[in-house]
Each structure stands twice: as structure tokens, then as C-alpha cells.
Amino acid sequence: MSIKLGVLISGSGSNLQALIDSIAAGRLDASIEIVVSSRADAYGLKRAEAAGIQTLTLSREVYADPLAADAIIAAELKAHEVDYVIMAGYMRMVREPLLMSYPNRVVNLHPALLPSFVGAHAIADAYERGVKVTGVTVHFANADYDAGPIIAQRAVEVREEWGLDELEAAIHDVEHELLPATVQLLAEGRVSVRDDGTVSVAPRA
């Protein structure tokens, strides 16, 4: 089953590009109906436009009232008949108007193995802590920051010779694989949230 996506971005949009490329290659049964950016100068907007995807940018003034901003976003996503909302490097917390419109259908990508290293500086925090293994998490967003039900994780072993730039590159490489693969699980209807808040992924039929 093909699903309709709305993608939220704030920056370069490399994970948006990974989704676009996976759809084009036939690996992801989805279409991206709209890309919403929290910044007018986000390079991801150029990626969306190059792919012929409609975009929406909200100004800093609109975000001064985060509830109103998320109500606007939710209304736009509904107008585009979006099935799932993908936070692909979106640097703002989503709030009740969006979460209630898409319960267990707002998906966040986080560059660490949650519950470790929550927040906006997860890669640098892991590097500075000297961990030997970090990774990437794809999870459903909820009202608790970086604490929603985990759908998928993949570990990244931190090599002794790496600096922060090398670790960031390795994390992004995994993100570009894990996010489209996880969204494909959603397209196949294999993901469900149990009553205890954990996620079940059914085997492929």
C-alpha cells in the first residue's frame, strides 16, 4: 500500500533526499505530498522544489505561538491527505494540535540510541562522552521530548581514530538507510503500538 507523507525539516534536508531517492528507486511505497520547513533558508526546500514537491515555510513570528503554528501545520497536512508525518531533521518540538491530529503517526528521526543522548546535540554529546557505540533511532513522537515509542534502531560503532565530523558522517549514512526502511514498514502496515507503549513490528508475510 502506498502511503502519503508530510515531511518536516529545518536544515539541509539530506534525509528528505533519502526518502525522495528511495521512492524514485521503488524501495519505498510512498509519496511526499508536502514539505514543511521551520526556516526559510533551509536547503531542504530546494531539494523539495527540485522534486516537484509543494513546500510551506512558517516564519519565526508564527512560531512565537507554537500551538498555533502546529495547528497551521496540521491543517495543511490534513488538506494534503497525509497519512504519516516524518520529522526529518526538524528542530522544533511538535505539540498537541499536530500530535492529536496524527496519533502514533508522527515519526521522528534521532541521531542516538534513545533513551541515551536526548536533545538537539546528541551526536556531539555522545562523542564528548567517549561512548564506543551510539546510533540512530526512529520513533513515534509524543508529548515527551525524544521519549515516544521506538520503532527501529541501528547501532554505530565509534572508531578510535574518528573526530566529531567522522562520527556525524557515519550517523548520517545510517539515517539515510534506516529512515526510508522504517517508513516502508509503515507502508506495509507492519507497525503497531502495544498498550504498554512499545512497538510491535510484524514479520513480512
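Mentor: A salt bridge is a side-chain nitrogen of Lys or Arg within 4 Å of a carboxyl oxygen of Asp or Glu. Please keep in mind that the model before us is predicted.

Trainee: How far apart are N and O in the salt bridge of Arg190 and Glu188?

Mentor: Side chains of opposite charge can pair when their charged atoms come close. The limit for a salt bridge is 4 Å. The side chains of Arg190 and Glu188 meet this condition, with an N to O distance of 2.8 Å.

Trainee: Is Arg190 buried or exposed?

Mentor: Buried means under 20% relative accessible area. The value for Arg190 is 15%, and therefore Arg190 counts as buried. By contrast, Glu188 has 30% and counts as partly exposed. The term asked for, in the case of Arg190, is buried.

Trainee: Which residues are joined with Glu188 into one network of salt bridges?

Mentor: Glu188 also forms a salt bridge with Arg204, with the closest N and O atoms 3.0 Å apart. Glu188 lies in the loop between helix 7 and strand 8 (191-193) and Arg204 in the segment after strand 9 (199-201), so the pair ties together parts 16 residues apart in sequence. Arg204 is exposed, because its relative accessible area is 56%. Through shared partners, the salt bridges join Glu188 into one network with Arg190 and Arg204.

Trainee: How many residues separate Glu160 and Lys132 in the chain?

Mentor: Glu160 and Lys132 form a salt bridge, their closest N and O atoms being 3.1 Å apart. Glu160 lies in the loop between strand 7 (150-157) and helix 7, and Lys132 in the loop between helix 6 and strand 6 (133-140). This pair links distant parts of the chain, 28 residues apart.

Trainee: How many residues of the lining of the largest pocket are charged?

Mentor: The largest pocket has a volume of about 730 Å³. Its lining has 35 residues, and Gly89, Tyr90, Met91, Leu109 and Pro111 lie nearest the centre. Helix 1 (14-24), strand 5 (106-110), helix 6 (122-129) and helix 7 (164-187) each supply at least two lining residues. By type, the lining has 15 nonpolar residues and 14 polar ones, and the number of charged residues is 6.

Technical notes. Residues numbered from 1 in each chain as written. Predicted model: local features only at pLDDT ≥ 70, side-chain atom pairs only at ≥ 80, totals over all residues. Heavy atoms only, no water. 1 Å grid on protein atoms, 1.4 Å probe; cavity = no way out; pocket = protein on both sides within 12 Å on 5 of 7 lines; lining within 4 Å. Points joined across faces, edges and corners; volume = space filled by probe spheres on them. Helix = DSSP H or I, 4+ residues; strand = E, 2+ residues; numbered from the N terminus. Nonpolar A, V, L, I, M, F, W, Y, C, P; charged D, E, K, R; others polar. Buried < 20%, exposed > 50% of the residue type's maximum accessible area, 1.4 Å probe, protein only.
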